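Look at the sequence and the model below before reading on.

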Amino acid sequence: MNKSKLVVPFISSQYRFAQDRGPASRKLRYYCIQLLSFCECESSIPTILEALNDEYFLVRKEACYAVEDHKITDALPLIRERLQDVPPEVRRVAQEV
């Protein structure tokens, strides 16, 4: 069995838990999305898509990378939204994706 399938539900729940914790949880959300980008498991996709609209720009940037890693073609409309993001680094990564 692919071990990533076992860890994805936990990482996704930690991401959602951290959303309710405010600015202090930004790093946790960032790391959760980064880990999900390495998981070769389709069950990580909903959390990655959710992170494209995270309030913290580095999480959105990491989610763009995760979309590319997972080759999530359904996310293209959300990536296009990131092309209008205020921080230039998010726009740059969205353009690359």
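How many salt bridges does the structure hold? The model is a predicted one, and it holds seven salt bridges.

Helix H2 runs over residues 26-38. It has 13 residues, and from its first C-alpha to its last it reaches 19 Å, close to the 18 Å expected at 1.5 Å a residue. Which residues of H2 are buried? They are Arg 29, Cys 32, Ile 33, Leu 36 and Ser 37. These residues cover an arc of only 140° around the axis, so they lie on the same side of H2. The face turned away from that buried side carries Lys 27 and Phe 38, which are exposed.

Asp 54 lies in the loop between helix H3 (45-51) and helix H4 (57-70), whereas Arg 29 lies in helix H2, so the pair ties together parts that are 25 residues apart in sequence. Asp 54 counts as buried too, because its relative accessibility is 6%.

Arg 29 also forms a salt bridge with Glu 55, and here the closest N and O atoms are 2.8 Å apart. Glu 55 is in the loop between H3 and H4 and Arg 29 is in helix H2, so this pair, 26 residues apart, links distant parts of the chain. Which residues make up the network of salt bridges around Arg 29? The linked residues are Arg 26, Arg 29, Asp 54 and Glu 55.

Another salt bridge joins Arg 92 and Glu 96, whose closest N and O atoms are 2.8 Å apart. Both belong to helix H6 (residues 88-96), and because they are four residues apart there, about one helical turn separates them. Is Arg 92 buried or partly exposed? Arg 92 is partly exposed, with a relative accessible area of 39%. Glu 96 counts as partly exposed as well, at 45% relative accessibility.

The loop that holds Asp 54 and Glu 55 comes between H3 and H4. H4 has 14 residues and reaches 20 Å from its first C-alpha to its last, close to the 20 Å expected at 1.5 Å a residue. Its buried residues are Val 59, Arg 60, Lys 61, Glu 62, Ala 63, Cys 64, Ala 66, Val 67 and His 70. After H4 comes Lys 71, whose phi is positive, near 55°.

The cysteines remain. A disulfide is a covalent bond between the sulfur atoms of two cysteines. How many disulfides does a search of the whole structure find? The search finds zero. Cys 41 is buried, with a relative accessible area of 6%. Cys 64 is in no disulfide either, and the nearest cysteine sulfur, that of Cys 32, is 17 Å away. Cys 64, one of the buried residues of H4, has a relative accessible area of 0%.

Definitions and conventions:
Residues numbered from 1 in each chain as written. Predicted model: local features only at pLDDT ≥ 70, side-chain atom pairs only at ≥ 80, totals over all residues. Heavy atoms only, no water. Helix = DSSP H or I, 4+ residues; strand = E, 2+ residues; numbered from the N terminus. Expected span 1.5 Å × (residues − 1). Buried < 20%, exposed > 50% of the residue type's maximum accessible area, 1.4 Å probe, protein only. Arc of directions from axis to C-beta. Salt bridge = Lys/Arg side-chain N within 4 Å of Asp/Glu carboxyl O. Disulfide = S-S within 2.5 Å.
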